[in-house]
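Grab a pencil and work through these exercises with the structure open beside you. Try each task before you read its solution.

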Amino acid sequence: MVKIENLLELIPLISPTDVILFDMDNTLVNTDDINNVAYKSAIQQVLGKNYDNLFTDIVRIRREDVSNKLYWISKEQLSEIISIKSIIYKENIDQASLVIDVVELLENVSITNRCILVSNASADRVNQTLEYYNLKDKFDSMITRTDCDGNHNKFEVAINKLQLNPGNIWIVENEQKNINEALKHSVKHIILKENENIYYFPE
């Protein structure tokens, strides 16, 4: 693992035949704040009570967290929370923000290389976000929560579903646990973007 200062300095290392897989949440677009506000608001609307205190230890609220923290609610209530959360997210999408250096990387490599969006988010939310920030046309294809069908290793799904050669893949991701999953598949190059820190995992 090598720490680098400028993400764009890796561009000369990318071959025209390489495929670049980009994560979305907090890799391309900072969405933690809007996501968490939307979930908390949806929970209060459905349950009629504020449960923010249950989520203070969670950086990013996911539907699994809602199910675990609010273990007594019904499947119908959980489904309603998720539905309302999606509406609130869409209405406030302008509160998210681009990760500028990753977007610059995408804009450069999308001209010469096949780029794929790989995310555990729903297809609807991926489309909403990419369309709002005019990024959708940068990608040749997408893998979303629907495609994963319960498989939490989104990169494994992408490799198998799109018949990708791990030796020709670059991955741009912000979560170490997802990097660990990718490393199991002999991926050639990995970029870990943690806030302002950039780490490169060469083969």
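**Exercise 1.** How are H3 and H5 oriented to each other: roughly parallel or roughly antiparallel?

Before we start, some ground rules: this is a predicted model, where local features need pLDDT of at least 70 and side-chain atom pairs count only at pLDDT 80 or more, while totals for chains, interfaces and linings use all residues. Residues are numbered from 1 along each chain as its sequence is written, and side-chain values use heavy atoms, with hydrogens and water left out.

*Solution.* 
- Step 1: find the elements. Helices (H or I, at least four residues) and strands (E, at least two) are DSSP runs, numbered from the N terminus. H3 covers residues 75–91 and H5 covers residues 123–132.
- Step 2: pick your numbers. Two packed helices are described by the angle between their axes and the distance between the axes. For H3 and H5 that's an angle of about 5°, with the axes 11 Å apart. (Axes are lines fitted to C-alpha atoms, for helices over the stretch in contact, and angles run from 0 to 180 degrees between N-to-C directions.)
- Step 3: classify. Angles under 35 degrees count as roughly parallel, over 145 as roughly antiparallel, 65 to 115 as roughly perpendicular and the rest as oblique. H3 and H5 are therefore roughly parallel to each other.
- Step 4: see who touches. Lys85, Ser86, Tyr89 and Lys90 of H3 meet Arg125, Gln128 and Thr129 of H5 (contact means heavy atoms within 4.5 Å).

**Exercise 2.** Work out where the buried residues of H4 sit around the helix axis.

*Solution.* 
- Step 1: list them. In H4 (residues 100–109), Val102, Val103, Leu105, Leu106 and Val109 are buried. (Buried means under 20% relative accessible area, exposed over 50%, partly exposed in between, with a 1.4 Å probe and protein chains only.)
- Step 2: look down the axis. The buried residues of H4 fall within an arc of 155°, so they line one face of the helix. (The arc is that of the directions from the helix axis to the C-beta atoms.)
- Step 3: find their partners. The buried residues of H4 pack against strands E2, E4, E5, E7 and E8.

Now repeat the steps for H8 (residues 176–183): its buried residues are Asn178, Ile179 and Ala182. They cover an arc of only 105°, which puts them on the same side of H8. Their packing partners are helix H7 and strands E7, E8 and E9.

**Exercise 3.** Asn35 and Lys49: buried, partly exposed or exposed?

*Solution.* 
- Step 1: Asn35 is in helix H1. Its relative accessibility is 2%, so Asn35 counts as buried.
- Step 2: Lys49 is in the loop between H1 and H2. Its relative accessibility is 48%, so Lys49 counts as partly exposed.
- Step 3: check contacts, leaving aside neighbours up to four places away in sequence. Asn35 touches Arg60, Ile61 and Lys85, while Lys49 touches Ile43 and Gln44.
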